[in-house]
Amino acid sequence: MRCIGFNGILCENNSVWTPLESALRRRIAISEFVVEEELNCKLWQVRRFRRYIRNVVQKHDTGGKALLIGHSLGGVAACAAVRLFKCTEIVGIVSICAPHTLYGGVCQIVFGGYRRLSVPILTFEGLRDQHVSVGARHPQSLRHTELDSDHYYELCRKPQHAAKIADVTAEMHRLLPPEF
């Protein structure tokens, strides 16, 4: 299975992915782990962010199975992207510190991630998240986990957070029926 990571905005060269990839590889058979990002994209650049989502799908819709993982606004991007994949079977979404319902879910609406998901989603929230203080739980989340961390720095520097995300993800992967 492949893991396709969606980076959020203002998180260029995001160090969250390094410990997360290591932790996931120890728990799940992963053939490829890639992270895509749109450098220097700002929140108000809606068309550009939507194009980023489409470009990621176009690049990685090559068949097989994949798990979508998003950090920050990347979690919203993963939700928007799931319906665009035609050749690749998406087995689930892992969303970390994403603003799913913040301000009435405006990010979900603007970027196209508001539709009912056809795959399971796990959400993670940083208890001291200075950017997404509320709203990290997606309405369809199978499991919502609170992490004793902030939005970025502690996720990078404390490997126990990546381990917790990987443990919950591996548990979901084992419990789901084969069609997921």
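Visitor: Which are the buried residues of H2?

Guide: This is a predicted model, where local features need pLDDT of at least 70, side-chain atom pairs count only at pLDDT 80 or more, and totals for chains, interfaces and linings use all residues. Residues are numbered from 1 along each chain as its sequence is written, and side-chain values use heavy atoms, leaving out hydrogens and water. Buried means under 20% relative accessible area, exposed over 50%, and partly exposed in between (1.4 Å probe, protein chains only). In H2, the buried residues are Phe49, Tyr52, Ile53, Val56, Val57 and His60.

Visitor: Within what arc do the buried residues of H2 fall, seen down its axis?

Guide: The arc is that of the directions from the helix axis to the C-beta atoms. The buried residues line one face of H2, because they fall within an arc of 130°.

Visitor: Which exposed residues does the face of H2 turned away from its buried side carry?

Guide: H2 covers residues 46-60. Its face turned away from the buried side carries Arg47, Gln58 and Lys59.

Visitor: How many helices and strands does the protein have?

Guide: Helices (H or I, at least four residues) and strands (E, at least two) are DSSP runs, numbered from the N terminus. The secondary structure comes to six helices and six strands.

Technical notes. The expected span of a helix is 1.5 Å times one less than its number of residues.
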